[in-house]
Amino acid sequence: MKFTKKSQEHMDACRFCWMCRHICPIGNATGQERNTARARALGLSLVAREAVAYSEDIINNVYECALCGACVKECVTGWDPVAFTKEARLVAALDGKLPPYVLKMVTAALETGNVYGATPDDKLTAKIKGLKKSDTLFFLGADARFKTSANAVEAIDLLLALGVDFAVLENEPDSAYGLDFLVGAAAETKAAAEKCAKVLNGYKKVICYDPADAKIFRREYKEWGVDVKAEVLTFTAFLADLLKDKKVKKSDLVFTPQDSAILARDLEETEPIRAILARIGEVSEMLCNRRDTMLAGNLIMNEYMPLVMLRVASDRWTNAKNVGAKTVVTESPAEYAMLKATEPDGMTVLTVEEAVAKCL
Amino acid sequence: MNDFLFDVIATELEDAVGRENCSTRTIDKITHSVDYFWLSRMWADRGLRMPEGDFIVAPKDAKETAAVLKIANYYKIPVTTWGGGGGTQGGAIPVSGGIVLDTKRMNAITDFNERGMYIECGTGTIYKHLEWAANERGYATMHYPSSLTCSTVGGFLAHRGIGVSSTKYGKIDDMVLQMEVVLPNGTIIETSPAPKHAAGPDLNQIFIGSEGTLGVITRAQMRIYEQPEARRFRGFLFHNMTDAFSAGRELLQKFKPSVMRLYDEAETASLIKKIVGVEKKGAFMNVAIEGVSEMVDLEEKILLSTFGKYGAEDLGSEYGEKWWKEKITFFYPGHMMDIPQCFGTMDTIAPYDKIEKIYWEMKKAIETNFPQAKFIAHFSHWYEWGCMIYDRFIVDGKDVPQDPHEAFRLHQAIWNCGVRTALKNGGVVNDHHGVGIKLGRLMKEQYGPAMQVFEGIKKSLDPNGIMNPFKLGL
């Protein structure tokens with residue numbers, strides 16, 4: 001089994017190191033030793049040494065990682081379990097060893113443009129049809145379009161209420177985030193990225209509702225040499241900027257941000273949500289916040305390990321509860337969906353747009 | 001074991017803990033076969049598979065643990081308890097196969113008791129999570145070992161672990177109140193409701209450090225502390241270690257700092273230079289004082305005047321603060337010794353009248369008998385009566401045989417030499433990493449006829465010898 005020299009170096013560093021165990025949302029949720037960066041590294045390093053086969057068992061373990069980057073953030077030396085995990089997924093794909101649940105999603109992405117193989121929601125489609133043309137594109141992303149479409153409608157309504165001129169595509173292209181999550185930088189992933197970039201380049205500005213899309217547009221596209229000329233902004237950053245000049249009511253609500261791992265760690269964007277929430281109420285923090293945030297859910301993984309995803313979200317609620325938080329605000333459609341599904345009595349999860357809409 | 005009997009046992013275990021919590025998956029067996037022990041790492045590095053458990057079982061509480069132990073006793077199959085697997089002594093390696101009992105499902109915090117100043121939790125709780133729970137409510141556990149994020153409450157109890165603030169707050173055995181333990185026969189017991197009593201020997205202390213050979217600790221009440229008003233650091237450079245020992249001993253007759261760490265000249269010139277930035281020659285010592293601000297002010301004065309008497313150069317607070325910030329950095333890959341090097345930490349402890357001699361004798365013995373080995377040390381846990389040596393040998397990769405069996409021999413020979421030298425000069429087999437399979441053979445050399453006390457307890461509680469066989473010399 002061949003991994004790149006770089007990945008093997010990282011695996012060999014991580015295979016005997018437990019320092020990031022505590023921060024892994026999956027390991028914390030399952031309590032399973034295999035759900036640690038070191039366990040994945042050990043398994044893969046033994047595969048590389050041909051001591052074990054790259055079997056279904058080991059491959060399944062590679063898919064039990066959310067790629068949230070908590071372990072990467074925690075490592076003071078700079079070892080990167082996410083990178084070798086993604087490469088291991090790619091190797092499984094190239095070897096024709098994808099587990100059936102992954103193959104199903106990859107096939108769906110290639111055939112329908114989204115890993116869920118879902119069709120658009122009527123209400124959202126109607127809302128999109130009512131929008132004018134613009135040189136600013138509001139990119140919703142697969143999670144929002146197909147899993148939390150009510151939020152997408154609310155986000156569109158908020159932008160309209162704030163007087164923003166924007167368009168949303170009825171047939172939005174696949175950003176390739178899902179493919180990248182499942183099989184990494186495969187040829188099919190890059191082809192989807194090329195296709196999407198062509199569409200994005202018809203606009204001056206792209207506002208990404210889902211942090212996952214903002215990340216892939218800004219980071220992976222660049223790595224793959226896929227050129228995006230449009231300015232790419234996150235919805236939260238755009239909204240924070242927009243609200244600077246708007247009159248909003250300050251409520252007596254106390255909001256606790258659930259930092260998106262992607263925004264906080266990959267895009268290093270943690271303050272816009274706080275700026276927004278501070279305009280409309282008070283901000284209180286969970287102990288693990290900003291770059292130290294803990295993932296609260298991933299909808300792709302929810303397709304194949306739903307019980308674990310519910311536990312991941314429940315654990316985050318426990319973190320919130322322990323600091324007396326009542327209202328948690330999230331920037332990620334996936335985290336919203338999972339937190340909503342596990343919302344405890346007396347506590348509420350809001351999207352950023354829901355929080356703002358309350359105070360307009 | 002034949003396939004038929006294997007399935008009989010597997011289904012009984014599944015019945016006890018739930019099918020999803022009893023695994024025979026390759027990935028689970030592999031990940032529970034390599035801990036932080038150099039030999040297991042070297043074995044894996046050479047592309048060999050360590051001995052693996054046949055069943056990886058994760059009970060959720062004492063009741064399920066009891067059910068697993070009853071099954072194990074009936075079929076007379078070994079049980080090796082696994083917490084975080086961060087141990088250095090091979091204590092968690094299932095050398096005889098059988099059941100690996102992973103405790104991490106037992107991670108519930110069942111009581112945060114501010115009045116009693118303790119948190120009650122399952123012993124599968126990662127200690128860092130316990131610390132977070134304390135921090136969220138304004139408290140701290142004050143247990144800060146380098147493995148804080150890796151290891152479980154049960155793991156620290158099982159091998160009698162220690163953290164960097166031990167001089168003020170003590171070792172793990174000072175931090176526990178009551179424990180729940182499942183005996184090898186499946187009986188669930190509780191130790192006394194409070195420690196420090198005269199109701200016979202302290203049951204806690206029988207199970208703490210027993211490394212899973214006498215039962216499974218499933219629940220514990222761990223102490224919490226108020227966050228200190230002030231925590232102040234002071235770095236010093238001593239001309240030599242003799243002065244440093246005298247200064248440390250004298251200081252501890254006056255008050256207890258939280259952190260005291262003395263690095264020998266070799267470690268000052270290597271690790272301390274690299275991580276903390278101290279460029280000067282000498283023996284670096286870091287001291288932290290914490291508590292109520294007024295007390296800290298006074299203690300700092302006493303510290304400066306005491307150490308001044310021994311010619312220590314006051315380096316101010318900068319290096320100490322850097323050390324505190326980076327205290328775990330030392331242990332990340334890239335900063336720490338790693339394969340292909342061969343290395344080990346021979347921590348031992350002794351009163352002040354013996355400790356320095358032990359250091360020099362061990363250094364001489366290692367460097368004379370194994371000229372390919374480098375010997376470095378620091379002294380990290382200090383008491384009124386003595387302190388411990390955290391002494392390490394390091395053999396460069398080029399001097400380590402590629403043949404795993406020869407590398408194994410080299411490793412064992414260095415350990416025999418170092419620990420026997422410590423024992424000969426008044427030290428003990430180990431201070432806080434435990435014994436495991438690494439040092440079991442040396443336990444009889446330390447205890448002599450006293451070993452029969454341990455053997456008697458073992459025989460009585462675990463007549464079938466199923467609990468963590470070949471560990472602790474039992």
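Into which domains is chain B divided?

1. Chain B comprises domain 1 (3-102), domain 2 (109-226), domain 3 (230-331) and domain 4 (342-459); the bounds come from an automatic or database domain assignment. This is a predicted model, in which local features need pLDDT of at least 70, side-chain atom pairs count only at pLDDT 80 or more, and totals for chains, interfaces and linings use all residues. Residues are numbered from 1 along each chain as its sequence is written, while chains are lettered from A and ligands numbered from 1 in the order in which they are written.

2. Between the chains, 29 residues of chain A are in contact with 39 residues of chain B (contact: C-beta atoms, placed from the backbone, within 7 Å). On the chain A side, α3 (37-48) and α4 (56-62) each supply at least two residues, and α3(A) gives the largest share, 4 residues. Helices are DSSP runs (H or I, at least four residues), numbered from the N terminus.

3. That side of chain A holds 16 nonpolar, 7 polar and 6 charged residues. Ala, Val, Leu, Ile, Met, Phe, Trp, Tyr, Cys and Pro count as nonpolar, Asp, Glu, Lys and Arg as charged, and the others, Gly among them, as polar.

4. Within chain B, the centres of domain 2 and domain 3, taken over C-alpha atoms, are 29 Å apart. Here 6 residues of domain 2 of chain B contact 9 residues of domain 3 of chain B; the domain 2 side has 2 nonpolar, 3 polar and 1 charged residues.

Conventions. Two residues are in contact if their C-beta atoms, placed from the backbone, lie within 7 Å.
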